[in-house]
Amino acid sequence: MLMVLSYLALRKSNSNHLGILERCGDYRSVPTAEENQQVSNTRLSNKEKLMAIWESFHHFIALLIGFISIYITLQGTTSTLVYKDVSLKPREVFVVYNSLYTLSSSVGRSSSCVISVINPSFNSYTKHTWALATTEVALMLVLLMDSWYRFLNNTFLVCLLIACLGLTFGILYVNAIGMVGQNEVRKSEIVRAFFITASAGGNLMAGMLALYVEPIVYQHCLYITNAKAELCLARSTTKVL
């Protein structure tokens with residue numbers, strides 16, 4: 001039902017959307033079959049592919065850092081952040097953390113679309129993806145330090161930091177993908193395909209690091225809370241080996 005309503009709304013406002021795109025200067029006519037055939041016949045050499053990847057490699061590194069920061073936080077840090085100020089069970093708190101990240105990340109990924117509708121003349125993309133990646137690392141370190149020193153001692157503040165982490169990552173993702181190959185279709189195809197490895201590689205590296213980080217933080221938490229496991233592990237009440 002939601003898909004049907006969305007389709008009807010899009011049909012009704014189609015002319016308004018075209019006007020917005022034209023004012024943005026990002027409106028392009030649909031290519032003909034002949035034009036598509038010409039593009040598909042234009043093959044890049046291996047050297048051109050490598051050069052295209054190299055030109056956007058700094059965006060790839062920023063995106064990789066973003067993935068690592070996010071999943072170290074979700075898999076090895078927030079799982080140890082439980083406080084007494086809420087009536088939720090530890091497992092429920094962990095679900096709230098992950099749900100909040102998913103929601104805020106979705107908002108961040110749709111930010112460019114929302115901004116272009118509100119203010120078509122505003123360029124919603126930025127090439128400074130390094131700044132977003134740095135923000136991700138800073139938020140990850142704050143949450144990691146809180147897991148170690150327990151200085152926040154407030155679930156709401158942790159949720160706020162996770163929301164900022166997800167929002168920043170969503171903006172980083174859409175900018176890193178959106179900045180590559182804006183002028184050349186063939187280059188954008190190979191670069192964006194290469195960027196998929198940032199997701200897989202970032203998840204893998206973060207998972208391996210979290211296997212090392214979480215037990216250390218958990219054991220330290222048991223020490224400072226007098227072995228209260230319910231305050232040290234959200235995703236399970238069993239002991240971490």
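Q: Is His59 buried or exposed?
A: His59 counts as buried, because its relative accessibility is 4%; buried means under 20% relative accessible area, exposed over 50% and partly exposed in between, with a 1.4 Å probe and protein chains only.

Q: Which helix is His59 found in, and what does His59 touch?
A: His59 is in helix H5. Leaving out residues up to four places away in sequence, His59 touches Lys127, Thr129, Ala176, Met179 and Phe195, where contact means heavy atoms within 4.5 Å.

Q: What should I know about the model and the numbering?
A: This is a predicted model: local features need pLDDT of at least 70, side-chain atom pairs count only at pLDDT 80 or more, and totals for chains, interfaces and linings use all residues. Residues are numbered from 1 along each chain as its sequence is written, and side-chain values use heavy atoms, with hydrogens and water left out.

Q: How many helices and strands are there?
A: Ten helices and zero strands. Helices (H or I, at least four residues) and strands (E, at least two) are DSSP runs, numbered from the N terminus.

Q: And what percentage of the protein is buried?
A: Of its 241 residues, 37% count as buried.

Q: Which residues in the largest nonpolar core touch the most other members?
A: Ile70, Tyr71, Tyr97, Tyr101, Val158 and Phe195, out of 35 residues in that core. A nonpolar core is a set of buried Ala, Val, Leu, Ile, Met, Phe, Trp, Tyr and Cys residues joined through side-chain atoms within 4.5 Å.

Q: Which helix gives the largest share of this core?
A: H5, with ten residues.

Q: What does Tyr71 touch?
A: Gly76, Tyr101, Asn203 and Ala206, not counting residues up to four places away in sequence. Another core, of five residues, lies apart from the largest one and includes Tyr218, Cys221, Leu222 and Cys232.

Q: Back to the helices. At what angle do H5 and H6 pack?
A: At about 160°, with their axes 10 Å apart. Axes are lines fitted to C-alpha atoms, for helices over the stretch in contact, and angles run from 0 to 180 degrees between N-to-C directions. H5 is therefore roughly antiparallel to H6; angles over 145 degrees count that way, under 35 as roughly parallel, 65 to 115 as roughly perpendicular and the rest as oblique.

Q: Which residues meet there?
A: Ile70, Tyr71 and Leu74 in H5 meet Phe94, Asn98 and Tyr101 in H6.

Q: Is the H8 and H9 crossing left-handed or right-handed?
A: Left-handed, a label that applies if the near helix is turned anticlockwise from the far one by less than a right angle, with right-handed for clockwise. H8 (residues 129-149) and H9 (residues 155-179) pack at about 155°, with axes 9 Å apart, and are therefore roughly antiparallel.

Q: What about H6 and H9?
A: Their axes come within 7 Å and cross at roughly 35°. The crossing of H6 and H9 is right-handed. By class, the contact of H6 with H9 has 14 nonpolar, six polar and one charged residues; Ala, Val, Leu, Ile, Met, Phe, Trp, Tyr, Cys and Pro count as nonpolar, Asp, Glu, Lys and Arg as charged, and the others, Gly among them, as polar.
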